[in-house]
Amino acid sequence: MNFVMIEDGFLSLTECNTLIKKYKNKTNKKSLSQHVSYAECDTTGEDKLNKKSIKLINKYRKMYTSLEMTAERWGMKSYFFKHFPPGHSFSDWHCEHDLRYPNRILCCQVYLSDHNCGTEFYDPNETIMSKAGRAVVFPAFWTHIHRGQVCPDRKDRYLLANYGFLLNDS
């Protein structure tokens with residue numbers, strides 16, 4: 001798939017389980033709805049995770065050097081921890097760059113749990129399976145329309161999401 005980088009082993013199983021244990025009870029369950037079918041919280045302060053993320057994004061930048069030719073400067077924020085209860089997923093086709101988030105240019109997802117499902121991309125019709133510790137980096141634009149799949153085994157799903165965004169100099 002074009003401009004998609006998959007990094008297995010980005011986090012160890014122990015690191016995944018530690019993050020799940022730390023954040024699963026801090027998510028806002030009130031945010032669950034038909035459209036936004038996950039609860040999330042910010043992971044600001046996870047220095048080890050942020051250092052690993054910098055290495056991951058630098059690897060992506062080296063793979064796709066044209067990313068550095070954008071007119072605007074861009075950077076990454078901290079991850080959001082997301083919890084999808086059994087039967088829930090972000091099942092609507094979407095991209096990460098939209099009217100609410102016009103400055104997003106890149107998406108980084110890290111799966112914290114294994115499942116018999118994953119992130120399905122519209123074009124091409126491919127699915128990246130949820131595997132604990134796997135990181136996936138891809139553009140935030142309409143070129144990478146995707147949706148989450150519901151876990152058929154009715155398990156809780158956990159992931160981290162981070163976004164590359166244009167920096168506002170003002």
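This is a predicted model: local features need pLDDT of at least 70, side-chain atom pairs count only at pLDDT 80 or more; totals for chains, interfaces and linings use all residues.
**Notebook: charges, strands and cysteines**

I searched the whole structure for salt bridges and got 9. I counted one wherever a side-chain nitrogen of Lys or Arg sits within 4 Å of a carboxyl oxygen of Asp or Glu. Residues are numbered from 1 along each chain as its sequence is written, and side-chain values use heavy atoms, with hydrogens and water left out.

**Entry: salt bridges**

I looked up Lys 59 and found it in a salt bridge with Glu 7, with the closest N and O atoms 2.7 Å apart. This pair ties together distant parts of the chain, since Lys 59 is in helix α2 (residues 47-63) and Glu 7 in strand β1, 52 residues apart. Helices (H or I, at least four residues) and strands (E, at least two) are DSSP runs, numbered from the N terminus. Lys 59 is partly exposed at 40% relative accessible area. My cut-offs: buried is under 20% relative accessible area, exposed is over 50%, and partly exposed is in between (1.4 Å probe, protein chains only).

Next I checked Lys 48, which forms a salt bridge with Glu 15, the closest N and O atoms being 3.3 Å apart. Here too distant parts of the chain are linked: Lys 48 is in helix α2 and Glu 15 in helix α1 (residues 13-23), 33 residues apart. Lys 48 is exposed at 55%, but Glu 15 is buried at 16%.

I also noted Glu 96 with Arg 104, where the closest N and O atoms are 3.2 Å apart. Both Glu 96 and Arg 104 are buried. Then there is a network of salt bridges linking Asp 8, Lys 131 and Arg 134.

**Entry: strand β10**

Is β10 enclosed or open? I found 9 of its 10 residues buried, so β10 is largely enclosed by the rest of the structure. I went through its pairings, where two strands pair if DSSP finds at least two bridges between them. Strand β3 (residues 74-76) runs antiparallel to β10 with 3 bridges, and Gly 75 has Phe 165 as its bridge partner. β4 pairs with β10 in the antiparallel sense over 5 bridges, and His 83 partners Tyr 158. Strand β5 (residues 104-111) is antiparallel to β10 too, with 7 bridges, and Cys 108 stands opposite Asn 162.

Lys 82 is in strand β4 (residues 80-84) and is buried at 8%. Its side chain makes a polar contact of 3.1 Å with that of Tyr 163. For that I used N or O atoms within 3.5 Å; within protein, one must be able to donate a hydrogen and the other to accept it, and residues adjacent in sequence count only if both atoms are side-chain atoms.

**Entry: cysteines**

I found a cis peptide bond from Asp 123 to Pro 124, with omega near 5°. Pro 124 is in the loop between β6 (118-121) and β7 (126-129). Arg 154, which is not a glycine, has a positive phi near 55°; it is exposed at 55%.
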